[in-house]
Amino acid sequence: MSRKPIIAANWKMHKGPAEAVEFIEEFDNLIGDSSPVDIVLAPAFVSLSASKQALVNSELVQLASQNCHFEQQGAFTGEISIGMLQEIGVDYVIIGHSERRCIFGEDDGLINQKAKALHAADVKPIICIGETLDERDNDQVESVLRRQLTEGLMELDSDKMLDSVIAYEPVWAIGTGRTASPEQAQEAHRFTREVIGEIFGEDVSSKIRIQYGGSVKPENTEELMSQADVDGALVGGAGLDPVSFSEICKNTKV
Ligand code: PEP
């Protein structure tokens, strides 16, 4: 089954509008006119509009938000609705990132509400899962991934799952410089695909794209991305630099 790789840069709380546009202009020159992979940038909320304008002539790069609220509107100070993101032209929304889970206390139930709201609005979620170091050391990788998938994807529509993306991001590899070995990544991705198959059936499990995230750099991209069940990358640190990010995109062989 061939799945088109998807490489996304999560800029987290970096790059205001001016820096975002600067990145896009430089990246545009580096990447050229075509790419065999889907490329996604996830700027901070305040940089989404400027990024969209800078991407107006780009057919290569799509836009993601790093978060959303599941309600359409209301008294939720500081939150952003999916409708607002659609107005800007956002294609994807990252949900369940480990920083949202660990720092802001988001749980699988909340992530499930966001996933349902995104599906209802026809916006594609990038749903992050992954175990902590403690959980890995205690042989809980599979039970944690199974729980995150079962609860986070509860009652989602199979058809909409085909356009959704899962990002396997072992928490111990995020921003630490410590990458999962290609074998560790493949095993977690294989298991993730198996659980998705149990929930949504063979068609979805064979077609859904599963990204790896955790200290992806130009130097380790090729080996990680060549694993059978790894369909792209969610990149933090190395996605802040247009040169590194363009190399990661180019080093992803289809
Ligand atoms: C991330 O935050 O999703 C991530 C993978 O970060 P880094 O690439 O810096 O480890």
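Because the model is predicted, local features were considered only at pLDDT of at least 70 and side-chain atom pairs only at pLDDT 80 or more, while totals for chains, interfaces and linings use all residues. Residues are numbered from 1 along each chain as its sequence is written, and side-chain values use heavy atoms, with hydrogens and water left out.

The protein chain holds 12 helices and 8 strands, taken as DSSP runs (H or I of at least four residues for helices, E of at least two for strands) and numbered from the N terminus. Its radius of gyration is 17 Å, close to the 18 Å that the globule rule gives for 254 residues, so the chain is as compact as a globular protein of that length; the radius is taken over C-alpha atoms, and the rule is 2.2 Å times the number of residues to the power 0.38. The C-alpha trace spans about 45 × 45 × 35 Å along its principal axes. Of the 254 residues, 53% count as buried (under 20% relative accessible area, with exposed over 50% and partly exposed in between; 1.4 Å probe, protein chains only). Among contacts (heavy atoms within 4.5 Å) with a separation of 6 or more, 74% link residues 24 or more positions apart.

Buried residues of H5 include Ile111, Ala115, Leu118 and His119. Their cover includes helices H3 (82-88), H4 (98-104), H7 (141-152) and H8 (158-161), together with strands E4 (92-95) and E5 (124-129). After H5 comes aspartate 122, with a positive phi near 60°.

The structure holds 18 salt bridges, each a side-chain nitrogen of Lys or Arg within 4 Å of a carboxyl oxygen of Asp or Glu. One of them joins aspartate 229 to arginine 3, with the closest N and O atoms 3.9 Å apart. Aspartate 229 lies in the loop between helix H11 (218-225) and strand E8 (232-235) and arginine 3 in the segment before strand E1 (6-10), so this pair ties together parts 226 residues apart in sequence. Arginine 3 also meets aspartate 231 in a salt bridge (2.9 Å, N to O). Aspartate 231 lies in the loop between H11 and E8, so its pairing with arginine 3 ties together parts 228 residues apart in sequence. Aspartate 231 counts as buried at 5% relative accessibility, as does arginine 3 at 14%.

A further salt bridge pairs lysine 116 with glutamate 155 (3.1 Å, N to O). Lysine 116 lies in H5 and glutamate 155 in the loop between H7 and H8, so the pair ties together parts 39 residues apart in sequence. Lysine 116 counts as partly exposed at 32% relative accessibility, whereas glutamate 155 counts as exposed at 62%. Salt bridges that share partners join Arg3, Arg193, Asp229 and Asp231 into one network.

Glutamate 169 is buried yet has no salt bridge, and the nearest side chain of opposite charge, lysine 12, is 6.9 Å away (Lys and Arg count as positive, Asp and Glu as negative; His and the chain ends are not counted). Leaving aside neighbours within four places in sequence, glutamate 169 is in contact with residues including His97, Cys128, Gly213 and Leu234.
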